[in-house]
Amino acid sequence: HPLVQVPNQLVGAPVLTDVTLICNVEASPKAINYWQRENGEMIIAGERYVLTEKEVNMYAVEMILHIKRLQSTDFGGYKCISKNSIGDTEGTIRLYGKCNL
């Protein structure tokens with residue numbers, strides 16, 4: 001089943017800046033990957049969310065979630081979820097607010 005690794009489980013950024021969340025996924029057979037908020041709401045690409053998948057090799061991809069113009073409602077938990085025919089795995093990233101100095 002898929003293996004999910006989260007390089008940064010805690011990410012801080014000030015409001016109105018852009019932030020990038022990253023998950024590394026390895027799976028064979030190939031997996032379906034997506035992002036979700038901790039409340040179960042699925043993240044759909046739009047003007048504030050940019051979703052990218054970078055292929056590392058045949059089995060590995062880097063899942064990238066880019067959030068533009070961060071708002072306080074964006075803070076909280078994000079899950080990168082990977083599913084294939086053998087099973088599913090998720091990684092969690094907590095996004096918190098930092099003050100502009």
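This note goes through salt bridges in a predicted model.

1. Overall count. The structure holds four salt bridges. Three of them are taken up below, among them the pair of R94 and E38.

2. R94 and E38. Their side chains form a salt bridge, at 2.9 Å from N to O. The pair links distant parts of the chain. R94 sits in strand 8, residues 88–97. E38 sits in the loop between strand 4 (32–37) and strand 5 (49–55). The two are 56 residues apart. R94 has 38% relative accessibility, so it counts as partly exposed. E38 is partly exposed too, with a relative accessible area of 45%.

3. D74 and R48. Here the closest N and O atoms of the salt bridge are 2.2 Å apart.

4. E90 and K79. This salt bridge has its closest N and O atoms 3.6 Å apart. E90 belongs to strand 8 and K79 to strand 7. They are eleven residues apart, and the pair links distant parts of the chain. E90 has 42% relative accessibility and is therefore partly exposed. K79 is at 22%, so K79 also counts as partly exposed. The cut-off for buried is under 20%.

How values were computed. Residues numbered from 1 in each chain as written. Predicted model: local features only at pLDDT ≥ 70, side-chain atom pairs only at ≥ 80, totals over all residues. Heavy atoms only, no water. Helix = DSSP H or I, 4+ residues; strand = E, 2+ residues; numbered from the N terminus. Buried < 20%, exposed > 50% of the residue type's maximum accessible area, 1.4 Å probe, protein only.
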